[in-house]
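Work through the exercises below with the model open. Each task is followed by a stepwise solution.

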Amino acid sequence: MKVKRKSKFHIPTRYILLILTCLCVVLLFLSQALKLPTGPLNTVAGYIFVPMQKGISTAGSWLADKADNLKSLQKVQKENEELRALVAELETQLNTVKLEQTELQTLRELWELDQKYPGYEKVGARVISRGSGNWFSTFLIDKGSKDGIEPDMNVIAGSGLVGIVTEVGPNYARVRSIIDDTSNISGAALSTQDYCVVSGNLISMNKDQVIEFAELSCPEEVSIEPGEQIVTSNISDKYLPGILIGYVQTVEPDTNHLTCSGTITPAVDFAHLEEVLVILEKKQQAQ
């Protein structure tokens, strides 16, 4: 029995389709060139090439639209990147301006404070570190003995008293602020000049941002109300007189009905100290 061999010659379908397409195109051009009358060839060509031309036209339009959309997308992406870079640059400039404004405001406050106590020589210093916690209860400044700073010199900032110098090195000094638990100051009510004791209290600062006063003379004919200014008294052994400590927030009579106690809102923002003034004169020297 003989096995019938398959023909080795085989034309792929895509080539057949390509050949027929080319043949139709040639016939179409020939019919146009020779001005052949309308007949079966033109009819066949119409059935074949009109849909093909429509398809090619549709596909071309689609591709053109996609190309335009791609160009537009690339343009938008480029513009977006440029805008992002511009926004980043503007944010940097804005932050710089804000920082400069903050520093300018701090310097203005220090200048006004300097004018408030013109009788004392002072030196400006920057806070370089602080102790643990949320408040500047103790901190270091970048000026020391080389700048004339000595222990027990008063430190001011903002609108009033910050604290006192406790330790000095050649180019640094340590300051204990009035809110520290170990701080005790002889104060006085500005309107009456009655004395009191002002004590630092970090628990009160964490809770209500206040410190405490006690033993303020409160006779019945004299009323101390919230808002009263408390300043350093002239009998303080280390603090110069008349420096603003803060404002009375609450006041209550003691059980003896002769004195009262309460709380004081400090005149200084002890959460954001950056620059201070050190008064280059001690209480003993001023007497």
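**Exercise 1.** Find the bridge partner of isoleucine 156 in E4.

Solution. Step 1: locate the strands, E3 (residues 154–157) and E4 (residues 160–168). Strands are DSSP runs of at least two E residues, numbered from the N terminus. Step 2: read off the partner, leucine 161. Step 3: check the pairing, which is antiparallel over four bridges; two strands pair if DSSP finds at least two bridges between them. Step 4: inspect the turn. Two residues separate E3 and E4 in this hairpin, and glycine 158 has a positive phi of about 55°.

The model is predicted: local features need pLDDT of at least 70, side-chain atom pairs count only at pLDDT 80 or more, and totals for chains, interfaces and linings use all residues. Residues are numbered from 1 along each chain as its sequence is written, and side-chain values use heavy atoms, leaving out hydrogens and water.

**Exercise 2.** Trace how E4 connects and pairs with strand E5 (residues 173–177).

Solution. Step 1: follow the chain through four residues, which make the hairpin link from E4 to E5. Step 2: count the bridges. There are five, in the antiparallel sense. Step 3: pick one pair. Glycine 163 has serine 177 in E5 as its bridge partner.

**Exercise 3.** Give the strand order of the closed barrel, then examine the pairing of E10 with E11.

Solution. Step 1: list the six strands, E6-E7-E8-E11-E10-E9, paired antiparallel. Step 2: take E10 (residues 244–253) and E11 (residues 259–266); seven bridges join these antiparallel strands. Step 3: find proline 253, which stands opposite cysteine 260 in E11.
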